[in-house]
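Look at the model shown here and follow the chain from one end to the other.

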Amino acid sequence: MRSDSSDIVASRSYFRWVWVVVGVVIGGALLATLVPIVEAAPPRPDVAVLVGVLTAVLMGVLVGYHSPGKTIAEPAVAGALLGVLTPIVLRIGFGFTLAPAVSTLGVFAGILLATAGGWVGEIMQGTIEDGDRESFQWVWVGVGSVLGVLLSVYSVFVLHALLSLSSLGILIAFLGSFFVTGFIVAFYSPGATVREPAVAASLVIMVDAMLALAGFRAPFPFVMVMIACVLAFFIAMVGGYLGEVAHNFRFDTSWGGTKRGRAIPKPGGAEAKLEG
């Protein structure tokens, strides 16, 4: 069973403005750092917009994970406020005016993406139930998909801007993001979740391919997309395996154990003998 403190934390479902403020501060800090980084080397407004929009997801993940209780509405409101404040800051501070349609779309995108990030953060925290732990857990495919898109985009554009990566370096950073995604999903999820991030990685490749086509007019051949799906699948699976190992080591559980709820006793241990 969950601890009493966990039950108390999970029961805090009332709206808390302090986490809206925290979300706005985090989101503003991310926008003020990540967007200028990718915009500067070389100037790519389309990339800057993509990275800026995804900061709402990262903000939601951070708020959802670190805040006690269920805090999904709070990052959503923070995302809306960021969507309102960003055009004002751009106009007053930089003399750059966004079209009204773009500003309106930014508000709705901030709400939607921050909500998705908040959901991911809550799942990782364990506040929201994550389904049947004895079977394939689709909820963690969703978590892996959101994290995978976020990390794959950041790994390519932010790391390239910071480190001036070569083409090979960009490819390694891109594929490495799926390893990190697999590790995070397996480490934070209950049960044995190695396949889930692998499936998520393949889905992320398809999403990234559609983003490249729709946002950057950069179509990729179907064969290349399929090869990338297979590579991402196995790379994420390796990351998931190591994430499970780290999970078991950190929380002293057997394979498939959980840091939330009742830990599964190690085979041959005293608890296993008592239950047997």
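**Helices and how they pack**

Helix α2 has 24 residues, and its first and last C-alpha atoms are 35 Å apart, close to the 34 Å expected at 1.5 Å a residue. The expected span of a helix is 1.5 Å times one less than its number of residues. Helices here are DSSP runs of H or I with at least four residues, strands are runs of E with at least two, and both are numbered from the N terminus. This is a predicted model, in which local features need pLDDT of at least 70 and side-chain atom pairs count only at pLDDT 80 or more, while totals for chains, interfaces and linings use all residues. Residues are numbered from 1 along each chain as its sequence is written, and side-chain values use heavy atoms, with hydrogens and water left out.

The protein chain has 10 helices and 0 strands. Of its 276 residues, 42% count as buried. Buried means under 20% relative accessible area, exposed means over 50%, and partly exposed lies in between (1.4 Å probe, protein chains only). Contact means heavy atoms within 4.5 Å. Among contacts in the protein chain between residues at least 6 apart in sequence, 73% join residues at least 24 apart.

Which residues of α2 are buried? They are W19, V20, G23, V24, G27, L30, L34 and V38. An α-helix has 3.6 residues a turn, so residues three or four places apart point the same way. The buried residues of α2 pack against α3, α4 (73–94) and α6.

Helix α5 has 26 residues and reaches 37 Å between its end C-alpha atoms, close to the 38 Å expected at 1.5 Å a residue. Its buried residues include S103, V107, G110, A114 and M124. Among the elements that cover the buried residues of α5 are α3, α4, α6 and α7 (167–188). Just after α5, G126 takes a positive phi of about 95°.

Two packed helices are described by the angle between their axes and the distance between the axes. Axes are lines fitted to C-alpha atoms, for helices over the stretch in contact, and angles run from 0 to 180 degrees between N-to-C directions. Angles under 35 degrees count as roughly parallel, over 145 as roughly antiparallel, 65 to 115 as roughly perpendicular and the rest as oblique. A crossing is left-handed if the near helix is turned anticlockwise from the far one by less than a right angle, and right-handed if clockwise.

Helices α3 and α6 pack at about 140°, with their axes 10 Å apart. That makes α3 oblique to α6. Their crossing is left-handed. On the α3 side the residues that meet α6 include V51, L54 and L58, and on the α6 side Y154 is one of those involved. The axes of α5 and α6 come within 10 Å and cross at roughly 125°, and these two helices are therefore oblique to each other. The crossing of α5 and α6 is also left-handed. Here W119, V120, I123 and M124 in α5 meet V139, W140, G142, V143, V146 and L147 in α6. Helices α3 and α5 pack at about 35°, with their axes 6 Å apart, and their crossing is right-handed. Residues in this contact include A56, G60 and G64 of α3 and G110, A114 and G117 of α5.

**Cores and single residues**

A nonpolar core is a set of buried Ala, Val, Leu, Ile, Met, Phe, Trp, Tyr and Cys residues joined through side-chain atoms within 4.5 Å. The largest one has 23 residues, and V51, L54, M124, W140, V143 and Y154 have the most contacts inside it. Two or more residues come from each of α2 (17–40), α3 (45–66), α5 (100–125) and α6 (138–163). A second, separate core of 14 residues includes F178, A201, I205 and A236.

Y154 touches L34, V51, L54, T55, L58 and L159, leaving aside residues up to four places away in sequence. M124 lies in helix α5 and counts as buried at 7% relative accessibility. The C-alpha atoms of M124 and F187 are separated by 9.4 Å, although these residues are 63 apart along the chain.

Most residues other than glycine have a negative phi, and most peptide bonds are trans. S164 is not a glycine, yet it has a positive phi of about 50°. S164 is found in the loop between α6 and α7, and it is exposed, with a relative accessible area of 58%.
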